[in-house]
Amino acid sequence: MTSTFPRISISTERLVLRPLDEDDVAALAEMMNDEQVGAWTDVPQPYTEDQARRWITEYAPTERAAGRGLDLAVTEFLTQRLVGVVQLAKTNWHVRSTELSYVIAPWARGEGYASEAALATAQWLLGDQKFERVELRTAAGNTASQQVAQKIGCISEGVLRNACIAHVRGEDGIWTDVRTDFIVWSLLPEDLEGAGERLADTRGFTSFSDWN
């Protein structure tokens, strides 16, 4: 039987990570049209509200039900504003490993939200869900994402040469694919020691039915 992730919310000092819902459509589309998102992800550009709605109502529920991954909205605790997305993908339930990625909205960068959300998700995975490995892959030129991996205690394992497609937008507005390297990072249960002291307190995981 295929294992699946539960419908979960994860609370930190400043954030609530919860399932995406249709109220997120407009903010999600605006976030995904950002220049940095276009450069470092494979999100189509331009990104429409119809695409955001399909992600929320079709793709995310299907991936969770099939056991392949989990998509979580990252929202501010006080304002409930959408400030990012955390995604789990390529999940292997036999090995108990999954790949974690994150996007932070341009209006919320510089607040440490990526590190806080990524660490909270990793703590939930390696603790409550008994996973043994969380993997991150960052493009060679994406220093901001690399800093997040370092802050939450990830160990750099090496480089996958020519394994990543980044994107550059020309003066004509057209995006061009650029091949680059992936840096592979991992986080194991023993790597989390002291991580909570380095970042905001991320205790208090709650089931989705208890959230809000």
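How does the lining of the second largest pocket divide by class, and how many of its residues are charged? In this predicted model, that lining has 9 nonpolar and 3 charged residues, with no polar ones. The pocket has a volume of about 170 Å³. Its lining consists of Pro6, Arg7, Ile8, Pro19, Leu20, Ile56, Ala60, Pro61, Arg64, Leu70, Asp71 and Leu72. Two elements, H3 and strand S3 (70–76), each give two or more residues to this lining, and H3 supplies the largest share, 4 residues.

The largest pocket holds about 1400 Å³ of space. Its lining comprises 46 residues, of which Trp40, Thr41, Ser101, Tyr102 and Val103 are the closest to its centre. Two or more lining residues come from each of H2, H3, S4, S5, H4, strand S6 (133–139), helix H5 (143–151) and strand S7 (155–169). By class, 26 of the lining residues are nonpolar, 13 polar and 7 charged.

Helix H1 spans residues 25–32, and its buried residues are Val25, Leu28, Ala29, Met31 and Met32. Viewed down the axis of H1, these residues fall within an arc of 160°, so they line one face of the helix. Their cover includes helix H2 (35–40), helix H3 (49–66), strand S4 (82–92) and strand S5 (97–104).

H4 is mostly covered, with 14 of its 16 residues buried. Just after H4, Lys130 adopts a positive phi of about 60°.

Definitions and conventions: Residues are numbered from 1 along each chain as its sequence is written. This is a predicted model: local features need pLDDT of at least 70, side-chain atom pairs count only at pLDDT 80 or more; totals for chains, interfaces and linings use all residues. Side-chain values use heavy atoms; hydrogens and water are left out. Buried means under 20% relative accessible area, exposed over 50%, partly exposed in between (1.4 Å probe, protein chains only). The arc is that of the directions from the helix axis to the C-beta atoms. Contact means heavy atoms within 4.5 Å. On a 1 Å grid over the protein atoms alone, a cavity is a set of points where a 1.4 Å probe fits but cannot get out, and a pocket is an open set with protein on both sides within 12 Å along at least five of seven lines; lining residues have an atom within 4 Å of a point. Grid points are joined across faces, edges and corners, and a volume is the space filled by probe spheres set on the points. Ala, Val, Leu, Ile, Met, Phe, Trp, Tyr, Cys and Pro count as nonpolar, Asp, Glu, Lys and Arg as charged, and the others, Gly among them, as polar.
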